[in-house]
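I opened this notebook to keep track of what I looked up. The entries follow the order in which I went through the topics.

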Amino acid sequence: MPALYRTYRPQNFQQVIGQEIIKTTLQNAIINNRTVHSYLFSGPRGTGKTTMARIFSKALNCINRQPNLAEPCNTCINCKSINDNAFIDLIEIDAASNRGIDEIRNLKEAIRFAPSQKNGYKIYIIDEAHMLTKDASNALLKTLEEPPSNTIFILATTDAHKMIPTILSRVQKFDFKPLAHSELKQKILFIAKEEKVKIDEQVVNQIILQAMGGARDAESILGKLISAGTEDITIDFASAILGKNSYFEAYTLLEFLSQNQIYLAIRHIHKLYASGYGIDQLIVNLLTISHNIFLLQIENSLIQKESLLDDEYSKLESLALTISKVKIRNFIQSLEIIKSQTHTAYLPYLPLELVIAQIWEIDNMNNNEKNIISDNIDNTIITKSDIKLAPKTKPVENTPPLNTPPAPTITQPKDSPVVKETSGSADVYSVYKIYPAINKALTKTNKSLAIIFAQTQPVDIIDNTIVIAVESDFYRSRLDKNTKLILEYITEHYPSILGINFVTKKVSSINTMNIEPNNDFNAEDDEKPKDINDTIADIFKDSL
Ligand SMILES: [Zn+2]
């Protein structure tokens with residue numbers, strides 16, 4: 001069976017999935033007779049650079065092409081010989097091979113010959129152009145400086161930054177993007193239909209995840225499955241051939257963690273290991289998802305939505321609201337450390353268990369206490385020595401004094417201040433420490449309010465009324481309307497507090513308290529683009 005990517009290689013512009021801007025620009029250049037002498041197609045592997053170069057070459061040499069159209073006919077002698085790799089005026093050079101370098105050196109001689117066809121184009125496609133040696137690059141540069149008429153160079157590369165700047169300055173550059181998941185899906189379903197095989201949606205997703213935006217990789221994975229000889233590609237069948245992918249299981253694990261269900265999370269890891277899932281891959285998947293959560297918590301525009309699967313964004317959103325920023329950050333740092341340790345560990349999943357236990361620490365407390373404590377040990381970073389010793393986080397009795405220099409954001413577990421709930425004797429610090437619990441409760445009743453509340457800070461307690469700073473009047477008016485609800489959650493923990501007074505105040509101006517999460521808020525606020533408040537305001541203005 002021929003490779004699927006050859007069989008289903010697009011033969012005209014219309015068949016190319018994705019890269020819309022590049023397609024349109026090239027087609028306009030062909031129709032308007034405004035092609036240039038040298039192009040650079042850069043982008044990750046398998047995104048269609050050489051395919052596009054060949055279609056472009058075909059269109060320029062097609063005998064039947066109408067002047068006002070850019071598509072090649074694919075039936076004339078020129079189109080056919082390009083499709084058969086036999087066209088004399090299309091020269092493909094692989095710069096990564098020694099032969100390629102020699103060919104470049106000989107270019108100056110070869111190039112003197114005009115195209116064999118009247119009104120035709122001689123086209124050089126130089127693949128892996130970043131691999132050219134300095135000598136070869138200089139030889140090419142000379143040729144690019146004085147290009148003969150009707151000769152076009154198309155340089156294709158995965159690493160444009162490795163090319164010499166003088167070449168880069170002489171080419172028209174096109175950046176090929178990894179295919180969006182929806183585009184890959186379209187391609188996979190199209191081929192499956194043509195090949196008359198049924199394919200589970202879960203398998204399609206698995207192929208997309210493995211291909212990471214490369215159409216050629218997606219096609220070769222699909223090819224493996226089809227050539228295994230079944231008309232119905234189920235997830236079990238695919239797992240037997242490709243191995244099991246734990247991406248969705250990683251989501252399940254994070255959902256348990258977001259609810260502080262440590263027991264279920266650990267049990268889930270054991271179950272996955274017993275059913276043959278690789279722990280390394282599970283860790284990589286946890287890293288991928290946690291990184292997206294981390295980005296979403298900073299600013300949602302940082303997320304590349306086209307790289308997400310269907311429904312994935314809403315899952316990420318809900319995890320971003322329920323897992324604290326510090327926890328996610330610590331989790332990512334710890335996963336980075338343990339990702340290479342599974343092979344040498346006593347049990348492959350032990351490092352992961354320790355990371356989870358230390359970040360979402362639980363003791364023999366009741367559930368409520370568990371939630372509060374686990375939210376308060378946010379500043380846990382796993383270091384290599386921690387993993388060996390697996391120390392337990394000890395609650396610290398006394399709260400640190402106010403008005404002392406801010407503590408470093410990253411502290412060792414034994415230094416983490418953990419406040420014991422002290423009903424009735426509230427101070428600003430202890431109220432701030434129950435913010436995660438309040439936010440969790442708010443998220444359940446009013447998600448948008450929770451987002452706004454998360455950006456406030458308690459600053460004072462005057463006559464049993466807690467003073468809470470909020471950055472903008474807009475947020476303040478929203479919070480004022482919901483004072484009763486928020487007060488209820490606070491008095492659950494501190495009955496002595498009888499009222500809330502929201503004040504508009506720059507959060508960064510109250511950075512004198514020694515409250516570690518406070519530092520995070522400020523650091524983030526400084527970097528936050530100015531329009532984020534307006535964006536959030538727009539989204540939620542009707543829901544409050
Ligand atoms: Zn043709």
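Entry one, a charged pair. I looked up Arg54 and found that it forms a salt bridge with Glu92, a salt bridge being a side-chain nitrogen of Lys or Arg within 4 Å of a carboxyl oxygen of Asp or Glu. The closest N and O atoms of Arg54 and Glu92 are 2.2 Å apart. Helices (H or I, at least four residues) and strands (E, at least two) are DSSP runs, numbered from the N terminus. I noted Arg54 as buried, at 10% relative accessibility, and Glu92 as partly exposed, at 39%. For these words I used under 20% relative accessible area for buried, over 50% for exposed and the range in between for partly exposed (1.4 Å probe, protein chains only).

Entry two, the source. This is a predicted model, in which local features need pLDDT of at least 70 and side-chain atom pairs count only at pLDDT 80 or more, while totals for chains, interfaces and linings use all residues. Residues are numbered from 1 along each chain as its sequence is written, and side-chain values use heavy atoms, with hydrogens and water left out.

How many salt bridges does the structure hold? I wrote down twelve. One of them joins Asp175 and Lys173, at 3.1 Å from N to O. Asp175 is partly exposed at 39%, and Lys173 is partly exposed at 43%. I also looked up Asp480 and Arg476, whose side chains meet in a salt bridge at 3.7 Å. Asp480 and Arg476 are four residues apart in helix H23 (residues 473-481), so about one helical turn separates them. Salt bridges that share partners join Lys185, Glu201 and Asp310 into one network.

Entry four, the zinc ion. Which protein atoms are its donors? I listed the SG atoms of Cys62, Cys73, Cys76 and Cys79, lying 2.3 Å from the zinc ion; donors are N, O and S atoms within 2.8 Å of the metal (3.2 Å for Na, K and Ca), and sites may look incomplete because water is not among the atoms. The site is tetrahedral, with angles of 102 to 120 degrees among its four donor atoms; four donors count as tetrahedral if all angles lie between 85 and 135 degrees. Along the chain the donors follow the spacing C-x10-C-x2-C-x2-C. Cys62 and Cys73 are eleven residues apart, in the loop between H3 and helix H4 (77-83). Cys62 is buried at 10%, whereas Cys73 is partly exposed at 25%.

Notes: Tetrahedral: all angles 85-135°; square planar, octahedral: opposite > 155°, others 65-115°.
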